[in-house]
Amino acid sequence: TAYDAYAIKAFEVHAVDYLLKPIRAARLEEALVRARSAAPPKDDTLASLQNAPRAHLCSQERGRIHLIPVEEILYLKAELKYVTVRTAEKEYLLEESLTKLEQEFAARFVRIHRNCLVARAAIRGFERAHDEGEGHWVVVLDGIAEKPPVSRRQQHIVREFRH
């Protein structure tokens, strides 16, 4: 990374080493030697990590990788072969399955449409919307003006949040 401020967090999670940009070859070699000599993680540690949902999602854009904190995601919307990840500031694209994201983050997100999951914590309420004379529910989310529609099949979500 280019930010030394994250070094403390890295060592709090028992990082083997921490490299700052620009990375020198000798420093990288030193970190690799340290990583090779580190004790392998215990089976129970690996098992606990295997079941834990990720803290970040990764999006590639123009040769860059963006780490998106899951706690900042307002909704995930499937469009063709991509999933749009929406935060209050920006949209990102992922090449992941919405169904797999739903399984991994079931405690954090709720399905409101066959192509959309919203963050439970970001839901501020629901409104009735009318398109071409037909009424349906939309979700009011914290931090953005967009209001994703709730499908007829998922309208039970509206009732669940009311109670």
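The model is predicted. Five strands form an open sheet with antiparallel pairing. A separate topic is the hairpin of β1 and β2, with 2 residues between its strands. The second largest pocket draws the largest share of its lining from β1. The structure holds 0 disulfides.

**The open sheet**

- The strand order is β5-β4-β3-β7-β6, and the pairing is antiparallel.
- β5 and β6 (109-113) stand at the edges. Each has a single partner strand, so one side of each lacks a neighbour in the sheet.
- From one strand to the next, the twist averages 25°.
- Inside this order, β3 (residues 73-79) pairs with β7 (residues 116-119) over 3 bridges, in the antiparallel sense.
- Tyr75 has Val118 of β7 as its bridge partner.

- β1 (residues 56-61) and β2 (residues 64-69) pair in the antiparallel sense over 6 bridges.
- Leu57 stands opposite Ile68 in β2.
- Cys58 has Leu67 of β2 as its bridge partner.
- Arg62 lies in the loop between β1 and β2. Its phi is positive, near 50°, although Arg62 is a residue other than glycine.
- Arg62 is exposed, at 80% relative accessibility. The value counts as exposed because the cut-off is over 50%.

**The second largest pocket**

- This pocket holds about 160 Å³ of space.
- β1 and β5 (91-94) are the elements that give two or more residues to the lining. The share from β1 is 3 residues, the largest.
- The lining includes Cys58, Ser59 and Gln60. Ile65 and Tyr82 also line the pocket. Leu93, Leu94, Glu95 and Glu96 complete the list.
- By residue class, the lining divides into 5 nonpolar, 2 polar and 2 charged.

**Cysteines**

- What is the count of disulfides in the structure? The structure holds 0.
- Cys58 is partly exposed, with a relative accessible area of 44%. Cys58 is also among the residues that line the second largest pocket.
- Cys116 is buried, at 3% relative accessibility. It falls in that class because buried means under 20%.

**Other backbone features**

- Which bond joins Lys21 and Pro22? It is a cis peptide bond, with omega about -10°.
- Pro22 sits in the loop between α1 (7-12) and α2 (25-37).
- Leu80 has a positive phi near 55°, in a residue other than glycine.
- Leu80 lies in the loop between β3 and β4 (82-87).
- Is Leu80 buried or exposed? Leu80 is exposed, with a relative accessible area of 91%.

**A buried loop residue**

- Gln154 is placed in the loop between β9 (134-141) and α5 (156-162).
- Gln154 is buried, with a relative accessible area of 14%.
- Gln154 and Ala88 are 66 residues apart in sequence. In space they are 24 Å apart, C-alpha to C-alpha.

Definitions and conventions. Residues are numbered from 1 along each chain as its sequence is written. This is a predicted model: local features need pLDDT of at least 70, side-chain atom pairs count only at pLDDT 80 or more; totals for chains, interfaces and linings use all residues. Side-chain values use heavy atoms; hydrogens and water are left out. Two strands pair if DSSP finds at least two bridges between them. Helices (H or I, at least four residues) and strands (E, at least two) are DSSP runs, numbered from the N terminus. On a 1 Å grid over the protein atoms alone, a cavity is a set of points where a 1.4 Å probe fits but cannot get out, and a pocket is an open set with protein on both sides within 12 Å along at least five of seven lines; lining residues have an atom within 4 Å of a point. Grid points are joined across faces, edges and corners, and a volume is the space filled by probe spheres set on the points. Ala, Val, Leu, Ile, Met, Phe, Trp, Tyr, Cys and Pro count as nonpolar, Asp, Glu, Lys and Arg as charged, and the others, Gly among them, as polar. A disulfide is a pair of cysteine sulfur atoms within 2.5 Å. Buried means under 20% relative accessible area, exposed over 50%, partly exposed in between (1.4 Å probe, protein chains only). Axes are lines fitted to C-alpha atoms, for helices over the stretch in contact, and angles run from 0 to 180 degrees between N-to-C directions.
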